[in-house]
Amino acid sequence: MAFPPAFLDELVTRNPIEDVVGQYVNLTKKGNNLFGLCPFHGEKTASFSVAVDKQIYYCFGCHKGGGVVNFIMEIENLTYPDSVRFLAKRAGLEVPEDEKYQSRYRQNERLWALCKDAARFFHEQLMSEAGKPCREYIIKRGYNKQTVTRFGFGYAPNDWSKMTDALHEKGYRWEEMLEAGLVVKSEKNGKFYDRFRNRLMVPIIDLRGNIIGFGGRVLDDSKPKYLNSPETPIFNKRKNLFALNTAKKTKFDMLILCEGYMDAIALHQYGFDCAVASLGTSLTEEQATLMSKYTSKVVLTYDGDEAGQNATKRAIPILEKAGLQVKVLRMQGAKDPDEFLKKYGADRFRLLLEQCENQAEYRLESLKRKYDFNSDEQRVEFLRQAAMLVSSFTSAVEREIYGNRAAEAAGVTPEAMKLEIGKAYKKRKAIERKAQEKQDLSPATQQQPKIRSIRYDNLRSAMAEEGLLQMLIKAPELFEKTGTLTENAFSAPVLGKAYRILNENYSSFGTVSATSLESELSADEMSHISAIMQKKDLIVSEKAFADYLKIIRDEAEKRNGGADLLAMRERMKDKKSYGG
């Protein structure tokens with residue numbers, strides 16, 4: 001374990017989950033639990049629960065769950081060790097010097113320091129004689145001195161090892177530079193050389209102000225135009241957004257999401273300090289959730305080309321799923337925000353922001369552009385597609401308004417369009433209802449975990465494994481009756497892992513808790529265990545416990561292809577223990 005169990009117990013005792021969660025969520029008592037609106041996804045009806053007696057949270061909507069450490073990991077976007085530090089500071093506790101934890105944290109601190117020194121090197125190169133072409137490029141692009149300083153612009157010289165040699169002289173090892181994504185190792189001769197060469201360099205900074213990576217843009221038309229740092233222990237592209245460290249402090253009531261970081265930088269220079277950008281990947285659910293912690297509205301400003309429009313369509317449902325209100329900004333006369341600002345200035349862009357379309361308008365307008373309304377055949381096809389689109393809108397008011405707009409565009413009566421939308425809506429609902437009924441009528445489907453990344457291959461064994469864990473958490477003394485049951489006997493790896501951790505905790509300290517699981521289970525795994533703990537409490541029964549053990553062992557034998565003599569001996573012991 002990364003931290004001593006006694007310390008973690010004290011940490012949880014001093015940070016009751018209801019108090020910690022209550023600082024982020026307005027909780028109301030309902031039955032034995034507390035309920036509120038989930039902070040991890042948009043909802044109008046409270047489905048986020050806190051079980052005070054079990055010290056866990058669980059959302060019945062998005063299925064996230066865990067203990068107090070896991071909650072801070074999710075809400076503050078922190079690692080497990082940093083979440084422990086966060087809670088320790090909140091409670092006035094000193095973090096113990098645990099070697100495993102300290103070595104891991106020291107490793108990250110070393111990489112943060114390395115990236116910071118690399119940023120200094122790039123900036124020094126920018127100001128040197130070698131950086132003159134890059135300075136000329138910056139001036140040509142219209143970036144001022146304040147922007148250069150604010151975003152820490154630098155220059156990667158056109159040299160195979162200048163940065164590598166400079167950082168090595170500072171005491172950094174080649175392997176550390178490789179781990180930070182700053183160098184590449186040659187497969188031919190095993191030598192290290194600079195990843196970034198002859199590029200304008202822009203540091204990527206996380207929410208805590210650490211430099212975690214870099215983006216590099218060429219100074220000419222060579223390829224690739226943009227080169228980002230690879231995934232590293234401190235840089236996860238899916239979970240970070242460029243400039244969010246600054247944009248989170250904005251006074252605007254929105255975040256502007258750009259396709260690239262140069263667009264975001266241009267917007268900041270022109271006064272729009274709410275601009276952020278994804279990092280060389282399509283928008284992810286993690287990034288959308290991250291934005292939802294700082295705003296309720298996002299304006300998409302992707303490029304106007306086909307790739308940008310496709311990216312916009314992909315982003316809309318991801319952002320809406322995170323509970324964000326989505327608007328789309330259309331630009332004419334410029335391919336991206338950077339070009340638009342240079343041509344027309346900040347006032348025109350501000351006007352565009354005020355007039356930007358909501359996602360429904362954008363999707364309908366995009367559909368209209370595909371069809372030639374001089375052709376009756378294409379008008380009919382447009383109306384059919386528009387009816388399907390409008391029928392997907394959840395609000396009846398939205399369906400009426402945009403149905404009327406589609407009717408007007410195609411030259412048909414609103415009544416005719418309303419009929420088409422009604423048919424499409426009924427068809428959509430019938431399909432959804434049929435799918436739900438099929439799921440409801442399937443016991444096997446109902447018993448499967450809600451977390452998509454976790455699935456049970458053997459439902460009979462998994463149900464027994466769930467019951468066993470529930471009883472062990474409620475009555476830890478039952479570990480004395482599990483005999484030689486091991487993690488490998490469990491059909492569901494996540495349940496076996498949870499059993500092993502709890503068993504080790506009980507064997508060493510005589511107690512079990514959700515906190516002991518959080519250091520080793522992933523977020524999805526912890527959410528699933530929380531879902532099991534949230535189920536209606538089982539009555540602790542030695543007979544039921546013995547039955548669960550027998551099912552688990554029997555199913556394990558079947559998977560192993562025959563009788564297991566050791567398991568048979570254990571069953572005989574169980575029978576004697578329970579008077580069988």
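This is a predicted model: local features need pLDDT of at least 70, side-chain atom pairs count only at pLDDT 80 or more; totals for chains, interfaces and linings use all residues.
Where is the place of P224? P224 sits in the loop between β10 (211-218) and β11 (226-228). Now look at the peptide bond from K223 to P224. That bond is cis, with omega near -5°.

**Two loop residues**

Next, select H63. This residue lies in the loop between β4 (56-59) and β5 (65-66). H63 is not a glycine, yet its phi is positive, about 70°. Buried or exposed, at 17% relative accessibility? H63 counts as buried, because buried means under 20%.

Move on to A243, in the loop between β11 and α10 (244-247). A243 also is not a glycine, and its phi is positive at about 75°. With 5% relative accessibility, A243 counts as buried.

**The cores**

Select F153, F214, F242, I256, M291, L319 and F349. These residues have the most contacts inside the largest nonpolar core, which has 85 residues.

Then jump to A475, L485, A492 and Y548. They are included in a second, separate core of 40 residues.

**A helix pair**

Finally, show α21 (residues 493-509) and α23 (residues 523-534). Their axes come within 10 Å and cross at roughly 80°. The two helices are therefore roughly perpendicular to each other. On α21, the contact is made by V494, L495, K497 and A498; on α23, by E525, H528, I529 and I532. By class, this contact has five nonpolar, one polar and two charged residues.

Notes
Residues are numbered from 1 along each chain as its sequence is written. Side-chain values use heavy atoms; hydrogens and water are left out. Axes are lines fitted to C-alpha atoms, for helices over the stretch in contact, and angles run from 0 to 180 degrees between N-to-C directions. Helices (H or I, at least four residues) and strands (E, at least two) are DSSP runs, numbered from the N terminus. Angles under 35 degrees count as roughly parallel, over 145 as roughly antiparallel, 65 to 115 as roughly perpendicular and the rest as oblique. Contact means heavy atoms within 4.5 Å. Ala, Val, Leu, Ile, Met, Phe, Trp, Tyr, Cys and Pro count as nonpolar, Asp, Glu, Lys and Arg as charged, and the others, Gly among them, as polar. A nonpolar core is a set of buried Ala, Val, Leu, Ile, Met, Phe, Trp, Tyr and Cys residues joined through side-chain atoms within 4.5 Å. Buried means under 20% relative accessible area, exposed over 50%, partly exposed in between (1.4 Å probe, protein chains only).
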